[in-house]
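Hi there,

I'm passing this structure on to you, and I hope you enjoy looking through it. Below it you'll find my notes on what turned up.

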Amino acid sequence: MNGQLKAKKQRQYFIDWLRIGLIISVFFFHVGMIFRPEQWHVNSDKSFEFIDPMMWWLHLWRMPLLFLVSGVGTFYAIGHRTSWQYVKERFRRLYIPFVFGFFTLVPLMVYVERIDAYDSFLDYIPHMFDDGPYPVGNISWHHLWFILYLLIISLMIAPFLNYTKSERYNMLRGKLTTITSKQMGLNWLLPIIILSQLILRQYFPKSTHALYNDWAYFTYYLLFFMSGFILFTSYKVIDALVRDRRLYLYQTIVFTTLLFSLPYIFGTPSAIQNYSRGIVEMVISLSCGLTAIGYFKKYFNKDHKYRKVLNEVIYPFYLLHQPVLIFIGYVVVKWEVSYALQALLIILLSLAGIIFSIFIIKQFDFLRLIFGMKRKSLVEAEVPKKEEITKPLFFNK
């Protein structure tokens, strides 16, 4: 119980930096998607085939770690709120930006993808909901799936918030933190994660982000989220993770080597190879996340004058990054320049467009609301204190 109270009194700067780094990595990951051989929303006719293995590896742990960090953020976001207060806060921070993006940002992206089928965007608007769900039809939430999943998880845990403040919960949490703070004890999460996927992926084998047929991966992300909420808000667990960070790094290296060796070990693709690859991928997802948290805690648990600014704008950055990338990418890939210059121009022009948009958004409270930011007057009235609790993470107030 004391550890929980202590955690809420002292700000964890490394979590802020980790969240910021992960969202920025999403931007560069999606830049890479433009130059992959695999079909994406916009593709260059030039591709970097050598980045495919790296992109695949990054994809294994990037999103699970974001959900884990979001679980940590939810722990701090709850504070002394009642369940109803928490739901209202989630509505403002998640539901409003999701609905706004669904009816504005995503249609712009779908239009750019199918621009040859319409005379103009005005011509496309009456067809925004034609032919059912994307990719056959025009209805999609594209990158907003992450916000939707977080919203649903938030609503799922809301009825149990009072329980998380009870002595019984704290006793259970204390037992779990004791087990997982032993040497490499966080690996006890693996049997739960792997078993859930062995069962559910028989029925929902692919990650679709469509929710209605994505229950294996929704459960996967939910488990990472709950791990962040319950375990990674404990100083005991985090200190043990810092202690064992090199061991988790070695585990990551071993299983990454094994992952890329599987085709040579098994030869002809088979069911056993597929199961083995899936299990190895799950180990990498957890190991990479644990390694990142351990090293960020060790070396990045410090404040900086830009941290608060970046914390404030990282949510609108996420909302805007993919529509801007798709629009800029659609234009730049048509230019007769080298693929390296294409990539550089897409990065620079997209960042310029996002930064300019955020500058405009920050000036008006209405725009701040629909992009999930606090009112300008509230931000200006805040007086930062060193002993303040960790600012809620990823889409939290």
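Which residues of α8 are buried? Before the reply, please keep in mind that this is a predicted model. The buried ones are Tyr169, Asn170, Arg173, Thr177 and Thr180. They sit on the same side of α8, because the arc they cover around the axis is only 90°. Glu167, Arg168, Met171 and Lys175, on the other side of α8, are exposed. The length of this helix also works out: α8 runs over residues 167-180, and at 1.5 Å a residue its 14 residues should span 20 Å, which agrees with the 20 Å between its end C-alpha atoms.

With a relative accessible area of 34%, Leu176 is partly exposed. Together with Phe160, Tyr163 and Leu172, Leu176 makes a nonpolar surface patch of about 380 Å².

Next, have a look at helix α5, residues 105-113, which is mostly covered, with 7 of its 9 residues buried. Those are Leu105, Val106, Pro107, Met109, Val110, Tyr111 and Val112. Their cover includes α4 (83-103), α6 (121-124) and α14.

Helix α14 (residues 307-332) is also where you'll find Ile328. Ile328 is buried, at a relative accessible area of 17%. Leaving aside residues up to four places away in sequence, Ile328 touches Ile346, Leu349 and Ser350. Val42 is 286 residues from Ile328 in sequence, yet their C-alpha atoms are 9.6 Å apart in space.

Now for the salt bridges, of which the count is 9. Here are some of them:

- Glu312 pairs with Arg368, their closest N and O atoms being 2.5 Å apart. Glu312 is in α14 and Arg368 in helix α16 (residues 365-370), so this pair ties together parts that are 56 residues apart in sequence. Glu312 counts as buried at 17% relative accessibility, and Arg368 is buried too, at 2%.
- Glu281 and Arg277 meet through their side chains at 3.8 Å, N to O. Both lie in helix α13 (residues 271-299), 4 residues apart, or about one turn of the helix. Glu281 counts as buried at 14% relative accessibility, whereas Arg277 is partly exposed at 29%.
- Asp244 bridges to Arg243, with 3.0 Å between the closest N and O atoms. Asp244 is buried, with a relative accessible area of 2%, while Arg243 is partly exposed at 47%.

How values were computed
Residues numbered from 1 in each chain as written. Predicted model: local features only at pLDDT ≥ 70, side-chain atom pairs only at ≥ 80, totals over all residues. Heavy atoms only, no water. Helix = DSSP H or I, 4+ residues; strand = E, 2+ residues; numbered from the N terminus. Expected span 1.5 Å × (residues − 1). Buried < 20%, exposed > 50% of the residue type's maximum accessible area, 1.4 Å probe, protein only. Arc of directions from axis to C-beta. Contact = heavy atoms within 4.5 Å. Patch = residues over 30% accessible without salt bridge, like charges linked within 9 Å, V, L, I, M, F, W, Y side chains within 5 Å. Areas by Shrake-Rupley, 256 points an atom, 1.4 Å probe, with all protein chains shown as cover. Salt bridge = Lys/Arg side-chain N within 4 Å of Asp/Glu carboxyl O.
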